[in-house]
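Subject: A structure for you to look through

Hi there,

Here is the structure I promised to hand over. Please open it beside this email and follow along as you read.

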Amino acid sequence: MIAVGVGVFGSLIGSFLNVVIFRVPAGRSIVSPPSACGSCGARVRPLDNLPVVSWLVLRGKCRDCRAPISARYPLVELGTALFFAAVAWFVLATVATGAGGTAQIVATILALVAFLYFAAISVALALIDLDTQRLPNSIVLPAYPVAAVLLTAAALTAGAPERLLTMAVGGLSLFVAYFAMASLYRGGMGFGDVKLAGVIGLFLGWLGWGPLAVGAFAAFLLGGLFSLVLVMTRGATGRTAIPFGPWMIVGAWVGIFAGEQIATAYLALFGLV
């Protein structure tokens, strides 16, 4: 039930993310002016701004001028709802806090807020990078203090300070690795990817070494496979610029959701566990 409630909340966040995805790359305010039709300029009424439902009721058209409204808007809202529900389920079911009673509840809430925040910026950054091949500092940089404060508080409240070591190593190691790649291969990777890598490293590292290793590797594996498919189907050439941010994000969530299991299974092949 908690996951369902978080999913409903996620649909509202998805509606807000639609604004972020459209306005932030253009350097516009995300709070004013209110949302309006891109064709006729009519302001969107509150009842027409309900996630997914309003788009279905209006049949994907503006109430005033009947101009079509992109299906991406309800898809982002629905996708974010499902994403938030999955994150809530994961945190509540699998994140061991190591504490009991009130401390465990507080630690779990802190971890849940942190990972929901990461889920929200993941959606925004992935779509912005696909649209513009940019990862805006205004979204990436605030994630450092937010992640540091929430995850540190969760670890200490749970009585698991060892998470702080893996979190710090994760953030620093991915930042340095991506910085080296961006410096050595200019044009192949942007410094927006470098800054995002540090954020991803904090979240993966907080979960442990397995998620960190799997999440870091999955980004290159999935991104490489996608690029190979594009080249083989002549959808791209060796010189085509393909945004890597979305694959970093997908890889990170593979590490979050299944990193521990994948790492354990891999080590088991060699009899190491």
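Below are notes on aromatic rings, salt bridges, and the pocket and cavities.

A word on the ground rules. The model is predicted, so to speak of a local feature we need pLDDT of at least 70, side-chain atom pairs count only at pLDDT 80 or more, and totals for chains, interfaces and linings use all residues. Residues are numbered from 1 along each chain as its sequence is written, and side-chain values use heavy atoms, with hydrogens and water left out.

**Aromatic rings**

A pair of aromatic rings is described by two things: the distance of the centres and the angle of the planes. Rings of Phe, Tyr and Trp (its six-membered ring) pair if their centres lie within 6.5 Å; planes under 30 degrees apart count as stacked, over 60 as edge-to-face, and the rest as tilted. Searching the whole structure turns up 15 aromatic pairs.

Take F83 and W253: their ring centres are 4.8 Å apart and their planes stand at 70 degrees, so this pair is edge-to-face. F83 belongs to helix α3 (residues 72-94) and W253 to helix α10 (residues 245-269), so the pair ties together parts that are 170 residues apart in sequence. (Helices are DSSP runs of H or I with at least four residues, numbered from the N terminus.)

Are these two side chains buried or exposed? The cut-offs, with a 1.4 Å probe and protein chains only, are under 20% relative accessible area for buried, over 50% for exposed, and in between for partly exposed. F83 counts as buried at 17% relative accessibility, and W253 is buried too, with a relative accessible area of 6%.

W253 also pairs with F257: the ring centres are 5.3 Å apart and the planes are at 40 degrees, so this pair is tilted. W253 and F257 are four residues apart in helix α10, and are therefore separated by about one helical turn. F257 counts as partly exposed, at 30% relative accessibility.

**Salt bridges**

Side chains of opposite charge can pair when their charged atoms come close. The rule used here asks for a side-chain nitrogen of Lys or Arg within 4 Å of a carboxyl oxygen of Asp or Glu. How many salt bridges does this rule give? The count comes to three.

- D64 pairs with R45, the closest N and O atoms being 3.0 Å apart. D64 is in the loop between α2 and α3 and R45 in the loop between α1 and α2, so the bridge ties together parts 19 residues apart in sequence.
- D48 pairs with R63, with the closest N and O atoms 2.8 Å apart. D48 is buried, with a relative accessible area of 13%, whereas R63 is partly exposed at 43%.
- R72 pairs with D131, the closest N and O atoms being 2.7 Å apart. R72 lies in helix α3 and D131 in helix α4 (residues 101-132), so this bridge joins parts that are 59 residues apart in sequence.

**Pocket and cavities**

On a 1 Å grid over the protein atoms alone, a cavity is a set of points where a 1.4 Å probe fits but cannot get out; a pocket is an open set with protein on both sides within 12 Å along at least five of seven lines, and lining residues have an atom within 4 Å of a point. Grid points are joined across faces, edges and corners, and a volume is the space filled by probe spheres set on the points.

The largest pocket holds about 880 Å³ of space. It is lined by 36 residues, of which S35, A36, V44, N49 and Y73 lie nearest its centre. The largest share of that lining, six residues, comes from α1.

There are also two cavities of 30 Å³ or more. The largest cavity has a volume of about 50 Å³, and its lining includes L174, Y178 and M248.

Happy exploring!

How values were computed. Helix = DSSP H or I, 4+ residues; strand = E, 2+ residues; numbered from the N terminus.
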